[in-house]
Amino acid sequence: MLLHPHFHLRKTYVLSLVFAAALSACGGGGEGSSTTLERASAVSPDQFTDARGVVQPALGSRSKPILKLGQFSYRDLNSNGKLDQYENWRLPVDVRVAELVKQMTLDEKAGMLLIDTLSAPNQGSPLIGATALRFINEENMKRFIFRSTVQVGPTGVSPVWAAQFTNEVQALAEATRLGIPVIFKSNARNHYDRNARQGINEPSGSFSQWPKEPGLAAIRDMAVIRDFGETIGTEWSAIGLRGSYAYMFDTATDPRWFRVHETFSEDADLNADIARNLVLSWQGGPVNPNTKVAMTIKHFPGGGPAAGGFDAHYTFGKFASYSGGLFGDHLKPFQAAIDAGVSAIMPYYSVPENLTYDGVKFDEVGFAFNQQAITDLLKTKMGHKGYVNSDTGIIGSRAWGLEDKTTAQQIAAAINAGTDVLSGFNSKQAIIDVVNSGLVSQARLDAAVTSLLKEQFALGLFENPYVDDSKANDIVGKPEFLARALDAQRKSLTLLKNDATLPLATPTPAVPVRLYSINLNPTILGDAAYGGYQVTTGDRTAANGQMRAPVPAGTHYAVIRVEVSNASGGYRSDDPLTGANPAYINPRTGMTWGAQDPGGVDNRLNFGGAFPWEVNTLDFTGMSTAQSWRISPTLPDIQATMAEAQAVGAKVVLSVYFRQPYVLDDASGLKSAGAIVANYGVSDTALMDVLTGKHKPQGKLPWALANNVSAIATQHPDAPGYAAADTLYPFGHGLTY
Ligand SMILES: [Ca+2]
């Protein structure tokens with residue numbers, strides 16, 4: 001950012017009083033005679049306050065002139081040489097928005113209702129490509145989803161490069177007729193996750209790496225949630241990310257739903273507490289110029305009760321079932337976020353199945369199209385004053401309940417139901433068409449545009465949409481941020497069982513302690529900071545024909561990290577082996593799982609999850625022989641290691657990554673380990689810090705663990721927990737030492 005040599009703010013307080021009087025006399029519009037016009041590419045370095053306490057905000061302008069009126073400066077965003085009301089930061093946001101909407105053409109308004117992916121190119125490529133030019137200059141778009149992994153280094157997308165990219169896109173937007181700034185949003189990107197995937201979350205790259213969402217809930221400490229919000233907000237805003245598609249406040253009442261790993265807990269009240277504290281920290285309460293990230297939380301009214309455990313990204317998972325009568329509980333986190341001033345809310349794809357709530361029967365259409373859910377409940381009864389941002393792809397591919405309607409009818413249904421911006425959609429003409437044809441009224445369009453623009457104004461983006469890119473590499477992943485995140489990882493670890501096994505004995509030169517490990521970095525285990533354990537690794541790559549080293553005599557502990565993933569990328573709706581296989585029938589339809597997906601929306605199961613006929617398979621014994629579940633190390637390797645350890649008198653420590661609330665079934669033998677530590681995405685360092693007792697375990701389970709899979713399949717999808725007889729460990733269980 002260059003300071004223009006003749007851009008100075010004169011600190012003459014008398015003039016401001018004259019100017020204030022002139023403002024009120026002419027309704028806020030500036031007059032050419034009292035205006036000095038200077039072209040500047042500057043951020044005001046010296047903010048100051050006038051006699052009445054009015055503070056000059058820093059301005060950032062690259063192409064639009066700066067207007068100086070008395071002692072204050074403004075951006076002449078429409079380049080007419082005058083101070084328009086929408087340019088006047090001294091006026092209330094509502095006044096500014098109303099005037100801007102009056103100046104906008106239908107073309108410009110239509111672009112406001114679109115949001116789509118616009119990620120940074122790799123270093124070395126031009127920052128602005130054809131897509132950015134089209135989105136900004138032709139489609140008039142103002143909202144983008146930034147999906148780049150951001151990593152310090154000479155290739156790929158570094159923090160500095162990401163900041164330069166968002167700045168360049170802002171500069172393109174500034175140069176448009178009205179100079180309306182853009183907002184970049186992102187999915188969650190601050191978690192230890194070895195299986196991040198586009199459309200769900202981003203790898204953390206150089207960003208601080210916290211436990212995944214259930215781990216944050218396991219800590220049960222709202223000070224940590226606020227610390228998390230403030231820390232990641234500082235990182236995000238350093239690269240120009242001022243909006244989120246996060247976090248998920250779906251209450252995780254069905255363990256079969258593979259998106260449980262993105263949610264906090266099965267307890268609506270705990271989730272409400274986290275929602276409130278995240279809005280107060282990450283967003284800083286109602287959006288204001290100090291807000292780091294304006295949040296779009298998801299997915300209203302709670303997609304956790306996924307009928308059958310299937311995800312609504314998929315054709316076979318369209319329905320949400322609140323059969324336990326607990327729909328109202330699922331609203332609690334959203335109400336807490338609304339009360340704290342959350343900026344935006346995203347409805348889920350799901351269709352409510354036979355839902356009547358508060359005397360209202362809900363239409364069986366996806367929530368983004370659902371008048372009862374969005375306008376009547378969310379905006380009217382619950383009082384959401386922000387906007388509603390659809391999930392990606394509701395027009396066309398995932399218009400559940402409206403599959404047989406035209407694109408125009410789907411768009412109109414969403415907008416008329418109260419959805420204000422369409423994600424994954426980038427055609428302004430489609431919006432123009434529904435207005436011109438009368439499917440959507442001008443008044444409804446203006447209301448949507450008004451609610452969207454408020455966010456940009458409240459964030460201060462009309463004054464300065466730019467960030468100081470030179471600082472981005474130092475802010476993202478700052479050592480103190482990494483330390484906070486590591487501490488949260490430690491605090492999240494939940495000790496489920498400890499049969500006189502943990503903490504690990506500390507080695508001394510006289511008394512060595514020998515570890516046998518699988519899926520842990522032996523260098524970290526053997527680090528001198530832990531006293532110098534002697535480590536034998538049992539890691540192997542079975543595909544390369546490698547055999548596992550046996551547990552040696554003299555071993556004191558076998559420490560095994562257990563991770564579960566899905567291998568379901570081979571799924572195709574029309575594939576005779578998978579989606580079209582007559583051996584696998586969807587009980588809801590009586591047809592194959594892919595029969596209702598002629599377009600192949602479900603192909604590759606891109607967003608995660610098992611093959612649909614294996615969605616109930618959450619027990620380790622079942623998963624170990626399933627087609628689409630993978631346990632690492634394999635269950636036979638775990639079982640053999642445990643038997644060898646027992647034979648040499650070694651104690652067994654399992655740390656299981658509960659990406660979903662899996663079932664430690666009797667037949668698996670896993671429960672006979674001396675200690676079991678649940679994790680929700682942690683580094684080996686965090687795990688060793690707790691196993692060695694440097695930090696005591698303190699996490700509490702964010703959901704109950706069932707002791708059998710049939711209890712899960714028969715429980716109402718909207719109800720947390722199980723009967724005592726079906727419960728291995730209840731919600732809140734967690735030991736210490
Ligand atoms: Ca102007």
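Strand E23 (residues 651-657) runs parallel to strand E24, and 5 bridges join the two. Strands here, labelled E, are DSSP runs of at least two residues; helices, H or I in DSSP, need at least four; both are numbered from the N terminus. Two strands count as paired if DSSP finds at least two bridges between them.

The structure is a predicted model, in which local features need pLDDT of at least 70, side-chain atom pairs count only at pLDDT 80 or more, and totals for chains, interfaces and linings use all residues. Residues are numbered from 1 along each chain as its sequence is written.

**Strand E24 and its partners**

Valine 656 stands opposite alanine 678 in E24. E24 also pairs with strand E16 (residues 494-498), in the antiparallel sense, over 4 bridges. There, asparagine 498 faces alanine 675 of E24.

How many residues of E24 (residues 675-679) are buried? The count is 5 of the 5, so the strand is largely enclosed by the rest of the structure. A residue is buried if 20 or more other C-beta atoms lie within 10 Å of its own, exposed if 12 or fewer, and partly exposed in between, with C-beta atoms placed from the backbone. Both faces of E24 are covered. Ala675, Val677 and Asn679 are buried on one side, Ile676 and Ala678 on the other.

An open sheet of 3 strands has the order E8-E10-E14, with parallel pairing. Its edge strands are E8 (296-300) and E14 (387-388), each of which pairs on one side only. Strand E10 (residues 344-347) pairs with E14 in the parallel sense over 2 bridges. Alanine 344 has tyrosine 387 of E14 as its bridge partner.

Helix H10 (residues 371-381) has Gln372, Ala373, Ile374, Leu377, Leu378 and Lys379 buried. What do the buried residues of H10 pack against? They pack against E8, E10, E14, strand E13 (360-361) and helix H11 (407-417). An α-helix has 3.6 residues a turn, so residues three or four places apart point the same way. After H10 comes glycine 383, with a positive phi near 80°.

**Backbone exceptions**

Most residues other than glycine have a negative phi, and most peptide bonds are trans. The table lists departures from this pattern.

| Site | Feature | Value |
|---|---|---|
| Leucine 502 to proline 503 | cis peptide bond | omega near -5° |
| Serine 632 and proline 633 | cis peptide bond | omega about -5° |
| Serine 79 | positive phi | about 55° |
| Asparagine 354 | positive phi | about 50° |

Proline 503 is in the loop between E16 and strand E17 (514-518). Proline 633 lies between strand E22 (629-632) and helix H18 (635-647). Serine 79 is placed between strand E3 (72-75) and helix H2 (93-103). Asparagine 354 is found between strand E11 (351-352) and strand E12 (356-357).

Is asparagine 354 buried or exposed? Asparagine 354 is exposed, with 11 other C-beta atoms within 10 Å. Serine 79 is partly exposed, with 15 other C-beta atoms within 10 Å.

**Domains**

The domain assignment, which is automatic or from a database, gives domain 1 (13-91), domain 2 (106-479) and domain 3 (493-565 + 619-729). The centres of domain 1 and domain 2, taken over C-alpha atoms, are 33 Å apart. Contact between them involves 12 residues of domain 1 and 13 residues of domain 2. Two residues are in contact if their C-beta atoms, placed from the backbone, lie within 7 Å. The side of domain 1 that touches domain 2 has 6 nonpolar, 3 polar and 3 charged residues. Nonpolar means Ala, Val, Leu, Ile, Met, Phe, Trp, Tyr, Cys and Pro; charged means Asp, Glu, Lys and Arg; the others, Gly among them, are polar.

**The chain as a whole**

The chain has 20 helices and 26 strands. Buried residues make up 55% of its 737 residues. The C-alpha trace spans about 95 × 65 × 45 Å along its principal axes. Among contacts between residues at least 6 apart in sequence, 74% join residues at least 24 apart.

Mean pLDDT, the predictor's confidence in each residue from 0 to 100, is 93 for the chain, and 93% of the residues reach 70 or more. Over residues 1-46 pLDDT stays under 50; the model has 82 contacts beyond four places in sequence for this stretch.
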